[in-house]
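Open the structure in your viewer and keep the selection tool ready. This tour takes a few stops.

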Amino acid sequence: MTTTIELSGVSKSFGAIEAVKDVSFSLEAGEIVALVGHNGAGKTTLIKMMLGLLRPTAGAVRVLGEDPATGSAEVRTRLGYLPENVSFNPALTGTETLRFYAALKRAGRDQIPGLLDRVGLAAAANRRVRTYSKGMRQRLGLAQALLGQPKVLLLDEPTTGLDPASRRDFYRFLDELRDTGSTILLSSHALSELEGRADRVVIVGRGVKIADGTLDELRRIARLPTRIRVKLAEGEERRLDGGRDWRAVNGHMLEIDAAPEDKVELLRAAMRAEIADLDVTPPTLDELYAHFQDIEREAGR
Amino acid sequence: MSTILVIAEKEIREGLRNRWVLATTLLLATLALSLTFLGSAPTGNVGAGALDVVIVSLSSLSVFLVPLIALLISHDAVVGEMERGTMLLLLSYPVKRWQVVLGKFLGHLAILAFSTLVGYGVAAAALGLTGGDIGRESWAAFASLIGSSVLLGAVFVAIGYLVSALVGERSTAGGIAIGIWLVLVLVYDMALLGLLVVDQGRTVTGGMLNVLLLLNPTDAYRLINLGGTAGAISGMGGVADIATLAPAALLAALLAWAAIPLAAAILVFSRREL
């Protein structure tokens, strides 16, 4: 594994406001990492520091072995970035826009039609950006980030404005890129859509790194309960054995929050009764996130 | 170098696309043509050469118009792109900030040069075609008018960038740009004139007047165009006689007026965080 991005003890303050406090993590080649946090948690500030647009007040940022703020501009030819609210000059066409950015990155023009086709803008390539919908602009933004086959992709809230179909295409696209050995960092607050898509999650809250790991690891650490809901068959008594306190939910349903180690036993108990339906809901990413946020808040007190 | 050219080319393309180039060229050509033909009516056939009259009226017009056009296209250059979010993306590319400013400067200058050359050139060509007798000296003065007008434009493009790099909002940049235009184009000269009248030559010597005139780029521009043969028929002739400034000094003043704000704009922009 080769480390492409490394943050060690990075802090950044704007006047009296500390936007990022002592954050360290590293990203490897060939992984998709989600940077998760609520608005104002410091995600964009972190990304801007990786781009060298902001200099950290303390700590060091290394991107592809260089300090992005002072190092050679060469590094940026191997970097792709999609800003949170991407915008382009409305007077130019999609192709013209990409030609401009390709020239700056010294990437060949010949890849532009292919890229436009890939993000589904081939038909609109020669229309002015003014006429594009928000989703189309977002896809044009993605196309410019992909110019020159970047080794590192930094995507700030990339799926805002995309409909579910293009969202699915987008993630499929990221998988292909990851398989070619690129590092992909995407920031998000829509946790539920990262399920099964991000290899690793870094959670930040109020400028501090709260958690870092694969989703399964984080679930294990958080020890959040799995919710089991049972619909009893007609005439069955509203009681299940196992000695646990099942809650009754609107008439003939029972529900329980099961700790990881009790889960199997509780399911067995449910199966012994006459049941019409069974639902098992593992803790969602949002619950996971809320959990780590709570821990952080308590620690902060 | 190529990065600067790429940015300049994009600026020109945008200027063509949003019709800035067309609008300024048409404006300058229309005004130059009307000055040429309406302005020549009162002179009749006496004295001054036809092109000299045009040079005097065109330079008086350019002093107002060229700075205004230059500030209009430049005040938005940095702060506008920051507000729209395009600057963030641009700077994530392998581009240095001074390259961004210089590239834009080249592009805007090319737009201004094209408009001036075509706009004023049309008037001169029309005059030549309608059979005016134009001496070689007048043509030289006309060439210097176009050259110095572009240089005057460069000065105000640079000033516009400095304003744009300093402020946090587009509207502030616009307001400051208009203020600068008013002061340098109108207020300064009126104040200077008032001072000269009140002073009656007691304390303000010729040397001091020289300095005061060089401190305003529009005055340096006026003296370049109204100091020569054409100056004899303009109101500036008198001032030009008292203020003994060589054309080289005036040119140097204009160049400095373009270079210093441009360098300052680059410096301010480089230190700015976004």
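What follows is a short walk from the domains to a sheet and then to one residue.

This is a predicted model, where local features need pLDDT of at least 70, side-chain atom pairs count only at pLDDT 80 or more, and totals for chains, interfaces and linings use all residues. Residues are numbered from 1 along each chain as its sequence is written, while chains are lettered from A and ligands numbered from 1 in the order in which they are written.

**Domains.** Select 3–220 of chain A for domain 1, then 225–282 for domain 2. These bounds come from an automatic or database domain assignment. The C-alpha centres of the two domains lie 43 Å apart.

**Sheet.** Now show the open sheet of four strands in chain A, ordered β11-β12-β10-β13 with antiparallel pairing. Its edge strands are β11 (247–249) and β13 (275–281) of chain A. Strands are DSSP runs of E, at least two residues; helices are runs of H or I, at least four, and both are numbered from the N terminus. Strands pair if DSSP finds at least two bridges between them. Select β10 (226–232) of chain A: six bridges join this strand to β13(A).

**Loop residue.** Go to A:Leu54, in the loop between α1 (43–51) and β4 (58–63) of chain A. Is A:Leu54 buried or exposed? A:Leu54 is buried, because 22 other C-beta atoms lie within 10 Å; buried means 20 or more, exposed 12 or fewer, partly exposed in between, with C-beta atoms placed from the backbone. Finish at A:Leu104, 21 Å from A:Leu54, C-alpha to C-alpha, and 50 residues apart in sequence.
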